[in-house]
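My entries follow in the order I made them.

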Amino acid sequence: MSDDRFAGEFAGKTVIVTGAASGLGKVTAAAFARSGADVAMVDIDRDGLEQSVEAVRAEGGSARPILADLSQSDVGSMVIDATVQAFGTIDVLVNVAGVFHFSPVPQTTAEAWDRVFAINLRAPFLLCQAALPHLVERAGAIVNIASSSAFFGHAYLTAYGASKAALVSLTKSLAMEYARTPVRINALAPGGMMTPMVSGMTSMSDGIDRDLVSRYGGLRPPNEPEDLVDLILFLASPRATAVHGACFAADRGITAG
Ligand SMILES: NC(=O)c1ccc[n+]([C@@H]2O[C@H](COP(=O)([O-])OP(=O)(O)OC[C@H]3O[C@@H](n4cnc5c(N)ncnc54)[C@H](O)[C@@H]3O)[C@@H](O)[C@H]2O)c1
């Protein structure tokens, strides 16, 4: 956990974390709050968000819930305006929220494809677009949460994998376009994590070839979301001054071979 290593590091800074009601977003938001940040916590899950915000406040952290549906086209300005209204500025944007869509090709509908891309790719773009004027002013940072699925083919994850590969590409293009500013823009690509996103996957439908799926397990145990928090805080902090336009693998070797 990041508590000691990043103590005070983000004092006086404002950090936006999407997907803050659950899994990686929840522990990331709590870690930023423990390191002194004011945290805007964004999610569509009202109850989960309330619980996450309460947990941060119970530890003495500063958090503001922003209830938002990232599939909506006006979400960028909505979230950024609400954050600036609450805390006055923005120093860090962490795009964690994402949706998984496990589906064989014949059953992958256009609607499902569009939803995955709206939440996993368009929303990070819209949030970056709206946040960048503030981040340029504050010499801030963006961290996009991609996936090891961006780097190798996954049966039954066509839309999800393609959206994450595009998110890595988006990260690099943004990094180039903002190369002459002080903003740093990077991505992190986790392998499998034990979060609600994948825990519902145990009941696979008929017609799934399990051998195609079991290849992605890796030789080491999966990460817990807590294992990734220090990497996110590092990428968001001035300690990572040398890192811009990069995607760090955090998959315990899955994409190594
Ligand atoms: N769990 C894994 O195995 C794994 C592996 C690699 C990458 N990732 C990525 O890590 C990130 C976090 O995933 P997680 O495992 O913590 O998942 P999770 O399901 O626990 O959390 C995702 C959060 O995103 C929120 N969300 C979903 N749709 C939304 C919408 N339309 N508007 C606002 N919020 C919305 C959910 O409510 C939830 O709180 C995702 O981007 C995911 O793709 C996860």
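I began with helix α4, residues 110-138, which lies across β1, β4, β5 and β6. Its direction runs at about 170° to β4; for such angles, axes are lines fitted to C-alpha atoms, for helices over the stretch in contact, and the angles run from 0 to 180 degrees between N-to-C directions. Helices (H or I, at least four residues) and strands (E, at least two) are DSSP runs, numbered from the N terminus.

I noted the terms of the model. It is predicted, so local features need pLDDT of at least 70 and side-chain atom pairs count only at pLDDT 80 or more, while totals for chains, interfaces and linings use all residues. Residues are numbered from 1 along each chain as its sequence is written, and side-chain values use heavy atoms, with hydrogens and water left out.

Next I traced the sheet. Seven strands form an open sheet with parallel pairing, in the order β3-β2-β1-β4-β5-β6-β7; two strands pair if DSSP finds at least two bridges between them. β3 (62-67) and β7 (247-250) are at the edges with a single partner strand each, so one side of each has no neighbour in the sheet. The twist averages 15° from one strand to the next. Strand β6 (residues 184-190) pairs with β7 over four bridges, in the parallel sense, and A187 stands opposite C247 in β7. I also found α2 packed on the sheet, where it touches β2 and β3 and makes about 170° with the direction of β3.

I then looked up the cores, each a set of buried Ala, Val, Leu, Ile, Met, Phe, Trp, Tyr and Cys residues joined through side-chain atoms within 4.5 Å. The largest has 36 residues, of which F32, M41 and V94 touch the most other members. Its largest share, seven residues, comes from α1. A second, separate core has 33 residues, including I16, A123, L170 and A189.

For M41 I listed contacts (heavy atoms within 4.5 Å). Beyond four places in sequence, its partners include V17, A29, L49, V53 and I66.

Last, is N144 buried or exposed? N144, in strand β5, has 0% relative accessibility and is therefore buried; buried means under 20% relative accessible area, exposed over 50%, partly exposed in between (1.4 Å probe, protein chains only). Its side chain joins that of N95 in a polar contact of 2.8 Å, that is, a pair of N or O atoms within 3.5 Å; within protein, one must be able to donate a hydrogen and the other to accept it, and residues adjacent in sequence count only if both atoms are side-chain atoms.
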